[in-house]
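Hi,

Here is the structure I promised to pass on. Have a look at it first, and then read my notes below.

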Amino acid sequence: MLEVNLARRTPAIRPAAVVSAGPIRIAPETGEGRLSFRAKAKALGERSDVAGFAVDGAINSRKSDGETASLRLGPDEWLFICPEGDIDDAMSAIGRAMDGAAHSLVDVSHRDVTFMVSGQEADAVINAGCPLDLSLDRFPVGKASRTVFGKSDIVIARVGQHDFRVTTWRSFAPYVHGLLRDAAKDYAG
């Protein structure tokens with residue numbers, strides 16, 4: 001219950017904070033559950049997924065299957081995304097699937113805020129504060145990475161040719177949202 005109380009007291013971006021600046025749209029994603037999952041290769045064995053979440057694929061990749069997604073952020077680190085109402089079931093299913101194998105699973109749903117940044121110049125807007133080359137040929141659809149945006153840690157994923165998901169800690173959300181909004185002004189026309 002502590003997480004819920006912290007979420008209520010911590011400033012957050014509300015759904016009404018959708019910003020459109022010319023071809024750029026910045027919108028908070030709501031209703032998402034997020035799980036931080038860690039497991040070594042030995043614990044995973046030959047599994048390609050754990051309770052429906054992909055654990056195969058390259059580091060810095062994103063795999064999506066309907067309402068769920070799996071971002072592989074390191075050799076033994078994933079961020080699982082599912083509908084907020086499915087978190088408890090997902091945690092139970094992952095625990096059963098791992099069947100006593102060493103792993104870490106933490107619900108980080110209330111820690112993070114995600115923004116969808118969309119539009120023809122979305123990569124340039126995010127590059128105003130992010131050092132990664134986000135051009136389509138260097139950061140294709142399905143790519144995901146932990147990086148920085150301004151002075152904030154983020155996880156970024158390209159989910160479409162002109163669509164990115166930018167996830168940051170809730171306490172940094174107003175800062176990240178403001179920086180995205182300011183960068184988008186350059187493309188307002």
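Let's start with a cysteine: Cys130 is buried, with a relative accessible area of 5%. Here "buried" means under 20% relative accessible area, "exposed" means over 50%, and "partly exposed" is in between, using a 1.4 Å probe and protein chains only. Cys82 is buried too, at 3%. A disulfide is a covalent bond between the sulfur atoms of two cysteines. Counting pairs of cysteine sulfur atoms within 2.5 Å as disulfides, the total here is 0.

Before you go further, keep in mind that this is a predicted model, where local features need pLDDT of at least 70 and side-chain atom pairs count only at pLDDT 80 or more, while totals for chains, interfaces and linings use all residues. Residues are numbered from 1 along each chain as its sequence is written, and side-chain values use heavy atoms, with hydrogens and water left out.

Now the salt bridges. How many salt bridges does a search of the whole structure find? It finds 9, taking a salt bridge as a side-chain nitrogen of Lys or Arg within 4 Å of a carboxyl oxygen of Asp or Glu. One of them joins Arg165 and Glu32, at 2.7 Å from N to O. Arg165 is in strand E13 (residues 163-169) and Glu32 in strand E3 (residues 32-38), so this pair ties together parts that are 133 residues apart in sequence.

Another salt bridge is between Asp76 and Arg38, at 2.8 Å from N to O. This pair also links distant parts of the chain, 38 residues apart: Asp76 is in the loop between strand E7 (68-74) and strand E8 (77-83), and Arg38 is in strand E3. Asp76 is buried at 13%, whereas Arg38 is partly exposed at 37%.

Asn60 isn't a glycine, yet it has a positive phi of about 70°. You'll find Asn60 in the loop between strand E5 (53-54) and strand E6 (61-65), partly exposed at 23%. Asp99 isn't a glycine either, and its phi is positive at about 45°. Is Asp99 buried or exposed? Asp99 counts as exposed, because its relative accessibility is 66%.

Cheers

Conventions. Helices (H or I, at least four residues) and strands (E, at least two) are DSSP runs, numbered from the N terminus.
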